[in-house]
Amino acid sequence: MKSLSSEEQEKITRKWLSLVDPFAPLEARRFQVLVAARLHARCQEPSVRKAMAVLREVFHEFTVSTVAKSEPDILAHYITNLQYYNTKSKQIVKAANEIQDIFN
């Protein structure tokens with residue numbers, strides 16, 4: 001990203017931050033950006049926005065710990081509008097568990 005102009009960097013940052021809950025704590029927002037990036041693979045941005053909105057609604061506290069406690073099948077149920085939702089849900093729950101294990 002360093003090869004991009006500061007204006008382009010700012011545009012990209014705004015895009016990713018627009019996908020997360022602006023009122024969530026910093027660590028939760030960082031995790032939400034990670035989730036959004038994973039969901040974005042092979043999917044259009046409007047679909048990812050819709051899925052993120054649903055996840056924020058379902059998980060009242062959309063954090064590493066709440067996602068780590070969930071089952072991939074349950075998470076997959078809420079992102080069926082995306083391609084490869086079963087695989088993505090497994091990877092997201094796995095990532096949440098790894099983050100929790102490493103950083104508590």
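In which loop is the place of Thr-63? Select Thr-63 in the loop between helix H3 (45–58) and helix H4 (64–69); helices are DSSP runs of H or I with at least four residues, numbered from the N terminus.

The model is predicted, with local features requiring pLDDT of at least 70 and side-chain atom pairs pLDDT 80 or more, while totals for chains, interfaces and linings use all residues. Residues are numbered from 1 along each chain as its sequence is written, and side-chain values use heavy atoms, leaving out hydrogens and water.

Remain at Thr-63, which is buried at a relative accessible area of 17% (buried means under 20%, with a 1.4 Å probe and protein chains only). Next, display Ala-28 and Phe-31, both touched by Thr-63 (contact means heavy atoms within 4.5 Å).

On the H2 side, select Phe-31, Leu-34, Val-35, Arg-38 and Leu-39; on the H6 side, select Lys-88, Gln-91, Ile-92, Ala-95, Ala-96 and Ile-99.

Finally, select helix H1 (residues 6–17), which packs with H2 at about 95 degrees, the axes being 9 Å apart. H1 and H2 are therefore roughly perpendicular (65 to 115 degrees). Here Lys-15, Trp-16 and Leu-17 of H1 meet Val-33, Ala-36, Ala-37 and His-40 of H2.

Definitions and conventions. Helices (H or I, at least four residues) and strands (E, at least two) are DSSP runs, numbered from the N terminus. Buried means under 20% relative accessible area, exposed over 50%, partly exposed in between (1.4 Å probe, protein chains only). Axes are lines fitted to C-alpha atoms, for helices over the stretch in contact, and angles run from 0 to 180 degrees between N-to-C directions. Angles under 35 degrees count as roughly parallel, over 145 as roughly antiparallel, 65 to 115 as roughly perpendicular and the rest as oblique. Lists of a residue's contacts leave out its neighbours within four places in sequence.
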